[in-house]
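Morning, everyone. Please bring it up on the screen.

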Amino acid sequence: MEQKLLIESLGAEEAGIITEASQDGKNTWLSGVYMQAEMKNRNGRVYPLKELTKAVEGAQKAITEHGGIFGELDHPQTLTINLDRISHVITEMRMEGNNAIGKAKLLGTPMGNIAAELVKSGVKIGVSSRGAGAVNESGGVSDFNFVTVDLVATPSAPGAVPEAVYESMMMNSKGRTAVTLAETVKDDPEAQEYFKKAILDFVNQGLFAKK
């Protein structure tokens with residue numbers, strides 16, 4: 001069967017993402033359910049436990065060998081990880097029953113800083129796995145090749161839906177300001193307050209709400 005791009009999203013409630021901060025407050029970690037097996041997802045696909053277990057074992061091997069797996073803020077429609085959009089690094093992957101449990105550290109990149117401020121501002125974070133595989137007529141997935149798990153923003157406002165965070169921000173003046181500040185905030189303490197305000201203004205505008 002032909003291989004195709006597979007993107008599967010889990011909302012904040014499904015993923016049960018837990019936010020943890022290091023004792024010095026310099027690092028933020030996001031852990032929870034990253035993928036699920038043996039149940040039909042919202043795309044009508046089912047990942048057999050054997051397939052998902054193999055993918056998680058491969059991911060953990062890559063984490064051990066390379067120190068982690070990079071992921072992006074939002075889910076691009078390609079298998080390529082874009083370096084300019086990296087927001088986090090996955091440091092742990094394991095199976096618990098039918099669930100693939102993961103842990104990721106937010107990075108001090110522009111997208112990582114944006115994700116961190118979204119979390120601090122109360123925006124709910126979900127996850128979106130990215131990979132390739134074959135899908136049969138009943139929705140069963142085989143030959144699954146895992147790439148990464150991305151972060152998606154799922155605000156709690158009524159009618160809100162996950163959207164392309166980066167694109168939405170770049171189409172808005174306050175969003176562009178936030179991205180620009182994100183590029184300098186790591187090395188400029190004075191910019192941090194302006195950055196936080198820009199993020200809050202962007203979120204409060206309701207740009208994530210369904211049009």
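**The sheet and what surrounds it**

Start with the sheet. Five strands form an open sheet in the order β2-β3-β6-β5-β4, and the pairing is antiparallel. Which strands stand at the edges? They are β2, residues 18-21, and β4, residues 69-72. Each has a single partner strand, so one side of each has no neighbour in the sheet. From one strand to the next, the twist averages 35 degrees. Keep in mind that this is a predicted model.

Now look at one pair. β3 covers residues 28-36, and β6 covers residues 99-106. They pair in the antiparallel sense over seven bridges. To find your place, take V33: its bridge partner in β6 is I101.

Next, the helices. Helix α2, residues 49-66, lies across β3, β4, β5 and β6. β5 is residues 86-96, and α2 runs at about 125 degrees to it. Helix α3, residues 110-120, lies across β2, β3, β5 and β6. Its angle to β5 is about 65 degrees.

Last, a pocket. How many residues line the second largest pocket? There are 14, and E8, S9, L10, Q36 and N41 lie nearest its centre. Two elements give two or more residues to this lining: β1, residues 4-10, and β3. What is the lining made of, by residue class? Six residues are nonpolar, four are polar and four are charged.

Over to you for questions.

Terms used
Residues are numbered from 1 along each chain as its sequence is written. This is a predicted model: local features need pLDDT of at least 70, side-chain atom pairs count only at pLDDT 80 or more; totals for chains, interfaces and linings use all residues. Side-chain values use heavy atoms; hydrogens and water are left out. Two strands pair if DSSP finds at least two bridges between them. Helices (H or I, at least four residues) and strands (E, at least two) are DSSP runs, numbered from the N terminus. Axes are lines fitted to C-alpha atoms, for helices over the stretch in contact, and angles run from 0 to 180 degrees between N-to-C directions. Contact means heavy atoms within 4.5 Å. On a 1 Å grid over the protein atoms alone, a cavity is a set of points where a 1.4 Å probe fits but cannot get out, and a pocket is an open set with protein on both sides within 12 Å along at least five of seven lines; lining residues have an atom within 4 Å of a point. Ala, Val, Leu, Ile, Met, Phe, Trp, Tyr, Cys and Pro count as nonpolar, Asp, Glu, Lys and Arg as charged, and the others, Gly among them, as polar.
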